[in-house]
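Here is a short report on one protein model. It starts with a pocket and then turns to helix packing and the overall fold.

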Amino acid sequence: MIPCARWQALVIACLMAGCDMGPESGWGFTLPEGDPEAGEQTFVELRCTDCHSVRNQDRVTQPENPQLSIALGGEVRRIKTYGELVTAIINPSHKISRGYPPSAVVEEGRSKMRAYNDIMTVQQLSDLVAYLQNQYSLRPRKTTEYQPYF
């Protein structure tokens with residue numbers, strides 16, 4: 001068992017490591033404000049619909065025979081953060097979607113998602129993230145009903 005003082009030092013060290021302000025830190029990074037409507041247009045123009053569908057979105061439709069249909073948006077237990085959405089777009093191999101056969105989403109250990117870094121502008125990325133953020137809603141947490149104990 002770790003003594004209390006050592007345990008506290010370990011916790012503080014772990015917390016401090018998460019607050020790294022060195023040159024590799026993402027601290028202070030933000031994109032220009034995005035326009036969700038322009039993001040919807042970017043979603044269609046960049047053919048994101050070839051592999052992604054957007055839940056509860058009638059205006060964005062997939063082609064007749066999509067290569068894959070990875071659903072984005074809808075009710076989720078945890079909202080995707082701004083940073084997670086940006087990372088998913090500019091570095092899709094960072095985190096591979098679960099729930100799909102690996103052969104459908106991965107090739108040679110990397111995401112099959114096309115790299116858009118040389119194709120999209122920073123403004124398009126900002127708009128796309130603003131659009132996607134609006135597609136998610138937090139699923140209400142169900143609480144357990146307990147009978148009174150007498």
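## The largest pocket

The largest pocket holds about 1300 Å³ of space. A pocket is an open set of points on a 1 Å grid where a 1.4 Å probe fits, with protein on both sides within 12 Å along at least five of seven lines. Volume is the space filled by probe spheres set on the points.

The lining has 44 residues, and His-52, Ile-70, Leu-72, Ala-88 and Ser-97 lie nearest the centre. Lining residues have an atom within 4 Å of a point. H3 gives the largest share, 6 residues. By class, the lining has 23 nonpolar, 9 polar and 12 charged residues. Nonpolar means Ala, Val, Leu, Ile, Met, Phe, Trp, Tyr, Cys and Pro; charged means Asp, Glu, Lys and Arg; the others, Gly among them, are polar.

## Basis of the model

This is a predicted model: local features need pLDDT of at least 70, side-chain atom pairs count only at pLDDT 80 or more, and totals for chains, interfaces and linings use all residues. Residues are numbered from 1 along each chain, and side-chain values use heavy atoms, without hydrogens and water.

## Two crossing helices

The axes of H2 (residues 36–45) and H5 come within 7 Å and cross at roughly 105°. Axes are lines fitted to C-alpha atoms, for helices over the stretch in contact, with angles from 0 to 180 degrees between N-to-C directions. H2 and H5 are therefore roughly perpendicular (65 to 115 degrees).

## Overall fold

The protein has 5 helices and 6 strands. These are DSSP runs: helices (H or I) of at least four residues, strands (E) of at least two.

Methods: Angles under 35 degrees count as roughly parallel, over 145 as roughly antiparallel, 65 to 115 as roughly perpendicular and the rest as oblique.
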